[in-house]
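Here are my notes for your first read-through. Keep the structure open beside them and check each point as you go.

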Amino acid sequence: MEDSLKAKLANFFQKPKIVILIAYLVIGTYLCLLMAINFQSQTALQKSTLKRIHLDLEKRAFSLGYFFSERKHGLESIATSKDVLSYFINKSLGMSEAYGLKVSLFVIKQILLKTLQEKSIQGDPIYMRLLLVDTSGRPLIDTASESQEAFFFSSVKTAPSPDEPPIVFIDQENNKIKLVLKTPCILQGEVMGSLISILNLDTVRKHFVDFSPNPSLDRFDLVSNDGRIMRSDDAAQCPDFRELTSMTIHQLPEDQFSLIKFPSERAHAKQMMVTRVTIHNVPLYLLSWVEKKTITGTLTPWQSLLGTAFLALMILLGIVKLVKFNTENLVLQTRYDESKRQQHRLASKNQQLKHEISQRQKIETELEEQRSLQMRSDRLRSLGEMAAGIAHELNQPLVGVRGKAELTLLSLAQEGPLVPQKIENNVQTIIEQVDRMVHIIDHVRLFARNAGKVEISRVDLNDIVCTALTLVMVQFKSYDLHLEKILAPRKLFVLVNPFSVEEVIFNLLTNARDAVESKKKEAGQNYRPDISIRTGSDELENQKNIWIEIKDNGSGIPESIIPSIFDPFFTTKDPDKGTGLGLSICKSIVEEFGGTIDLESREGEGTAFIIHFPECRTPTETDETIPFP
Amino acid sequence: MKPSPSHKILIVDDEAIVREILVEFLEVLGYQADQLEDGASGLKAMNSGNYTIAFADIRMPGIDGIEFVKCLKKNRPEIPVIIITGHGTEDTCKEAMDAGAFAFFQKPFHFIEIKEVMENIKLLPHFDSTI
């Protein structure tokens, strides 16, 4: 079970496509993870940016609240100062205005003017105007010049305020917003008048609202709680907020940014992130504006996610392509290297082979030389031996010739009736021996006749046999031998030198004659010598073979010497009957013409020599040009 | 000078004409010679003690001339053997003489040679008394 599972697994992983798919999946997962982390971090970054802006907003709101309460305390300290109080005391005591009160008012005015001048933030005056009014709202003291219109607190509209009575009031007369502070002057629990200050809105804005560490990113605006934005007129680059109604502002959540389009009806509207913070105890909001794209860029995280995903996909595809390309390249490179190596191997092998061939050729040449040398020395030796054999053969009858001649001379020196007879006998013997010598010389000449001639022609083997028989017939008759001739009725064409083949037949017939002669001596009168010569043809493996058989019922050849029967100079005959060259010459002649010679023999029963030649089918030019006699 | 009839010569040669000529030559010289055509029967005849001189061919069927001399010298060292050969070389001559041959002739031999060798044989010490 486990083995089969293992085998399955091995089989599974052996499939290259699946492995590649898994690799792609792993890479894809990794990229997705990267993208997710990127998305998360981007979102976090946006959040933290918004958070920072919100914190800044809160800080500003707090600073403003503190600023306003400071101003309130400043006014309170003036309102409760003895100068102001003494005025109200004197007034209540009924001091005449023209005298005592006027002085008192002058002193207060001096204080107020001093305050107006001195109270500043880095040189920018905080207050625009300070007023002391009586309970009816009639101004007692006004720091403004006479030309300026009178200020009546009654016209101040108090915006809806939180629980506590507001510190600051907002005057919206003539479409001009004024920040107004009012502090009652209380004498013995009774409100005698009020100290009113009109704040310098520009200073407030400059130092608490308009400054921004990063003006391109965010900006702030002071808004009354009824939705009026307090802004200097030159802020033209700001979005048009006329659409931003007080209702909208009220609906803005305190701690979150809301997305608002300006202007809303346009397609390519600016998308602004807006939030608000209430300033403590003041009917004012602090608004924060951030253009959305400055935070998120032009893309939303989702768009960026999609973009990144697309990029990742492209990278993945690129990697895949690259890997594929590289792999293919690698494979090609490997194949190229392999083929180069193979080529190299082949080249070296070739070189080796060439070397071997040349070596072999050299050896063969040497061998050939050696062989030819051997053959030459063999030929020389065989020539020498043949010469010795011929000399031996000739020397025997020469003994007779010379001896008889000398005896004749000796006889001639004598006198007597027997001398003529003797001389005649001697001369007869001399003639016989000379004939014998002629026979030997004929034999040699026969052998030498066509030596070196390799002219071959297409001839009928039957013709050769007939020619050879005419030579031996006379001889056979003199030996009183019967020769049977059975020739094939059809022509047996072979491609040979007819003279050489004739020599072979002659040799074999002579051997047969000697064999029957030898047996005749042993067997006596009952033995009937029988020599036959036959020709024919048979088919063997699509090749027609011409054969000739010379058979005798002579003494036969002992089995022990059959293997060496074709060796040169091997002979069992008497020295005057052969040199031992006959059969070896026969064999070399037959083989020269592509034939074979075999023998079958049984000692005491006879011998048969069979020669095979391949048939020559197509007539050649020599067929007509050299007619065999 | 007639040679003693007690000297009988054996000729061993497989060649009939050679034997015939030798016999006739020796007859002219006054010797009686018998002939045999192979070494084995020749040795047998020699060992019988009938012959005092031998002529032998080298190339013979069976026992050849050299062997013939060697065997004969073992039993009858006093008998001179004359070696005749059809194809003699210096080597065969030396071989024959080493084996103990008295003389070595090359075929075809001359009558005078046979005559001389017979006269030389007569000079041998143990032939003195008999001749």
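1. In which sense do strand β8 (residues 218–224) of chain A and β9(A) pair, and over how many bridges? They pair in the antiparallel sense, over two bridges. Look for A:Leu222, which stands opposite A:Met230 in β9(A). Bear in mind throughout that this is a predicted model.

2. Now widen the view. β8 and β9 of chain A belong to an open sheet of five strands, in the order β9-β8-β12-β11-β10, with antiparallel pairing. The edges are held by β9 (229–230) and β10 (258–262) of chain A. Each has a single partner strand, so one of its sides is left without a neighbour in the sheet.

3. Move to strand β6 (residues 178–187) of chain A. Is this strand largely enclosed or left open? Seven of its 10 residues are buried, so β6(A) is largely enclosed by the rest of the structure. Strand β5 (residues 168–171) of chain A runs antiparallel to β6(A), joined by four bridges. In that pair, A:Val168 stands opposite A:Leu181.

4. β6(A) is also joined to strand β7 (residues 190–199) of chain A, again antiparallel, by nine bridges. A:Leu187 stands opposite A:Glu190 in β7(A). The two strands form a hairpin with two residues between them. In the turn, A:Gln188 has a positive phi of about 55 degrees.

5. Some backbone angles deserve a second look. Most residues other than glycine have a negative phi, and most peptide bonds are trans. A:Gln122 has a positive phi, near 50 degrees, and is not a glycine. It sits in the loop between β1 (120–121) and β2 (124–125) of chain A. Is A:Gln122 buried or exposed? It has 7 other C-beta atoms within 10 Å; 12 or fewer counts as exposed, so A:Gln122 is exposed.

6. Chain B has a backbone point of its own. The peptide bond from B:Lys107 to B:Pro108 is cis, with omega near -10 degrees. B:Pro108 lies in the loop between β5 (103–106) and α5 (111–122) of chain B.

7. Stay in chain B for helix α2 (residues 39–47). Which of its residues are buried? They are B:Gly39, B:Gly42, B:Leu43 and B:Met46. Seen down the axis of α2(B), they fall within an arc of 100 degrees, so they line one face of the helix. An α-helix has 3.6 residues a turn, so residues three or four places apart point the same way. The buried residues of α2(B) pack against β1 (8–12), β2 (32–36), β3 (53–57) and α3 (65–75) of chain B. Just after the helix, B:Gly49 takes a positive phi of about 90 degrees.

8. Next, the contact between the chains. It takes 19 residues from chain A and 16 from chain B. On the chain B side, helix α1 (residues 16–29) gives the largest share, six residues. That side divides into nine nonpolar, two polar and five charged residues.

9. Last, confidence. Chain A averages a pLDDT of 78, and 79% of its residues score at least 70. Within chain A, strand β19 (residues 606–614) is highest at 91, and helix α13 (residues 622–625) is lowest, at a mean of 44. Over residues 621–629 of chain A, pLDDT stays under 50. The model has nine contacts beyond four places in sequence for this stretch. Where pLDDT is low, the predicted coordinates should not be read in detail.

Terms used: Residues numbered from 1 in each chain as written. Chains lettered and ligands numbered in written order. Predicted model: local features only at pLDDT ≥ 70, side-chain atom pairs only at ≥ 80, totals over all residues. Pairing = 2+ DSSP bridges. Contact = placed C-beta atoms within 7 Å. Nonpolar A, V, L, I, M, F, W, Y, C, P; charged D, E, K, R; others polar. pLDDT = per-residue confidence, 0-100. Buried ≥ 20, exposed ≤ 12 C-beta atoms within 10 Å, placed from the backbone. Arc of directions from axis to C-beta.
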